[in-house]
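Dear colleague,

I am handing over the structure we spoke about, and my notes on it follow directly below. Please read them with the coordinates open beside you.

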Amino acid sequence: MSLLSKVFGVGLSLALASHAVAADKVQITADTFTVTETSHEAVFTGNVVVNHPAVLVHADKVVATYGEGGTTDIKTFVATGHVELKTSDQNATGEKAVFTPSDQLLRLTGNVLVTNSGGTVGAGELVVNMATNVSTFTGGDSGKRVTGVFTSQ
């Protein structure tokens, strides 16, 4: 599994409290937490921090939409506003991250920047397929070109 896929896969899956990480403790802090049973939404707003031993996620708002199975039946996970995913060796930022467990796709959009010891990649959009471990950077709707600065080792 690539480091980039690992960051996003672990980061968002952990935050969702999915079956794969149910044994790990995930601490979520926010200014406000609201659960709306009729729409099946759990909403964290204001300085949201999702803390797991492998990844730290920051966002202004996190909305998890769940099915009849509750928090173990996550349909979508959306983090918006200054989204940041940090591990011990990599940092990824953007304006919006959407993860859908059903297709194992993560979309990070809006001034995407991924930085690690090997370099930096910037793009309008990053799509990570967790099932295939393929990460694709594109200009996205912004028409922005993908840029990379790499450190030779």
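Phe-44 counts as buried in this predicted model, because its relative accessibility of 13% falls under the 20% cut-off. Phe-33, by contrast, is partly exposed, with a relative accessible area of 48%. These two residues belong together, since a search of the whole structure finds one aromatic pair, and the rings of Phe-33 and Phe-44 form it, with their centres 4.3 Å apart and their planes at 20 degrees, so that the pair is stacked. Phe-33 lies in strand β2, residues 32-36, and Phe-44 in strand β3, residues 41-52, so the pair ties together parts that are eleven residues apart in sequence.

To place those strands in the whole, the secondary structure of the protein comes to one helix and ten strands, and, read along the sequence, the pattern is α-β-β-β-β-β-β-β-β-β-β. Of the 153 residues in the protein, 39% are buried. Among the contacts with a separation of 6 or more, 39% are between residues 24 or more positions apart. The protein exposes about 8,100 Å², and carbon and sulfur atoms supply 53% of that area.

Which strands does β8 pair with? Strand β7, residues 105-116, pairs with β8 in the antiparallel sense over ten bridges, and Val-114 stands opposite Val-121 in β8 within that pairing. The two strands β7 and β8 form a hairpin, with two residues between them. Strand β9, residues 134-138, also runs antiparallel to β8, to which it is joined by five bridges, and here Val-128 stands opposite Ser-135 in β9. β8 and β9 likewise form a hairpin, in this case with four residues between them, and Asn-133 in the turn has a positive phi of about 60 degrees. Finally, four bridges join β8 to strand β10, residues 147-150, again in an antiparallel arrangement, and Gly-119 stands opposite Phe-150 in β10.

A polar contact also involves a residue of another strand. Gln-90 lies in strand β6, residues 90-100, and counts as buried because its relative accessibility is 4%, under the 20% limit. The side chains of Gln-90 and Asn-116 are joined by a polar contact of 2.8 Å.

Turning to charged side chains, the count comes to two salt bridges. In one of them the side chains of Asp-73 and Lys-75 meet at 3.2 Å, N to O, and Lys-75 counts as partly exposed at 44% relative accessibility. In the other, Glu-84 forms a salt bridge with Lys-86, the closest N and O atoms being 3.9 Å apart, a value to be read beside the cut-off of within 4 Å. Lys-86 is partly exposed, with a relative accessible area of 36%.

Terms used:
Residues are numbered from 1 along each chain as its sequence is written. This is a predicted model: local features need pLDDT of at least 70, side-chain atom pairs count only at pLDDT 80 or more; totals for chains, interfaces and linings use all residues. Side-chain values use heavy atoms; hydrogens and water are left out. Two strands pair if DSSP finds at least two bridges between them. Buried means under 20% relative accessible area, exposed over 50%, partly exposed in between (1.4 Å probe, protein chains only). A polar contact is a pair of N or O atoms within 3.5 Å; within protein, one must be able to donate a hydrogen and the other to accept it, and residues adjacent in sequence count only if both atoms are side-chain atoms. Contact means heavy atoms within 4.5 Å. Accessible areas come from the Shrake-Rupley method with a 1.4 Å probe; for residues, only the protein chains shown count as cover. Rings of Phe, Tyr and Trp (its six-membered ring) pair if their centres lie within 6.5 Å; planes under 30 degrees apart count as stacked, over 60 as edge-to-face and the rest as tilted.
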